[in-house]
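Okay, everyone, thanks for coming. Let me put the structure up and walk you through it.

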Amino acid sequence: MTDALPTRSRLVAASLESAGIAGKIIVLPDAASTAALAAAALDVEAGAIANSLVFWSDDEPLLVMTSGAHRVDTKGLAERLGRGAIRRATPEQVLAATGQPIGGVAPTGHPAPLTTIVDEALAAFPEIWAAGGTPHTVFPLTFDELVRLTGGTVAKVD
């Protein structure tokens, strides 16, 4: 089944399998490049969408897995984490850090592990959905699986 997936999504699927996560990547007919689009396509609350947002901080990429119902307060997050300024990565930085395009960045399947922050608000949902490496692919998992998969630090992000 993974043979039918785009190349980037196959890397994500392999990472999920390696981590023992049962959720399978599905291909959506239309792009789900925003939380609102993904929530509508999946018929779930926007808060159950785990947005993968790439920022730049302290000369390195920072992946923030935020609830689709939140915006990241970069100043507050930097203070809580004891980091320098956090600013949105450029599309080129996102692609270099993740190997995936904006709107389809998965929490895994990157060329190298990324420092990751996981929005504590995602814990409120029994099932969450994340991008699968392209704007047309998504997969389900639990909050605990997301934290384990990314090795992320749970924090308030809004």
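Before anything else, a word on what I call a helix: it's a DSSP run of H or I, at least four residues long, and the helices are numbered from the N terminus. With that in hand, look just after H1, where Gly20 takes a positive phi of about 75°. And keep in mind that this is a predicted model.

Now the overall picture. The protein has 5 helices and 8 strands, and along the sequence they run α-β-α-β-β-α-β-α-β-β-β-α-β. The radius of gyration is 14 Å, close to the 15 Å from the globule rule for 158 residues, so the protein is as compact as a globular protein of that length. Along the principal axes, the C-alpha trace spans about 45 × 30 × 30 Å. Buried residues account for 51% of the 158. And if you take contacts between residues at least 6 apart in sequence, 64% of them join residues at least 24 apart.

Back to H1. It has 12 residues, which at 1.5 Å a residue should span 16 Å, and its end C-alpha atoms sit 17 Å apart, so that agrees. Which residues of H1 are buried? Those are Ser9, Val12, Ala13 and Leu16. They cover an arc of only 100° around the axis, which puts them on the same side of H1. The face turned away from that buried side carries Thr7 and Ser18, both exposed. As for what covers the buried residues of H1, that includes S7 and H5.

So, on to the inside. The largest nonpolar core has 29 residues, and Leu141 and Leu146 are the ones that touch the most other members. Several elements give two or more residues to this core, among them H1, S2, S3 and H4. H5 gives the most, with 4 residues. Leaving out neighbours within four places in sequence, Leu146 is in contact with Ala50, Met65, Pro107, Val118, Leu122, Ile128 and Leu141. There's also a second, separate core of 11 residues, including Val64, Leu77, Ile86 and Ile117.

Terms used
Residues are numbered from 1 along each chain as its sequence is written. This is a predicted model: local features need pLDDT of at least 70, side-chain atom pairs count only at pLDDT 80 or more; totals for chains, interfaces and linings use all residues. Side-chain values use heavy atoms; hydrogens and water are left out. A nonpolar core is a set of buried Ala, Val, Leu, Ile, Met, Phe, Trp, Tyr and Cys residues joined through side-chain atoms within 4.5 Å. Buried means under 20% relative accessible area, exposed over 50%, partly exposed in between (1.4 Å probe, protein chains only). Contact means heavy atoms within 4.5 Å. The expected span of a helix is 1.5 Å times one less than its number of residues. The arc is that of the directions from the helix axis to the C-beta atoms. The radius of gyration is taken over C-alpha atoms; the globule rule is 2.2 Å times the number of residues to the power 0.38.
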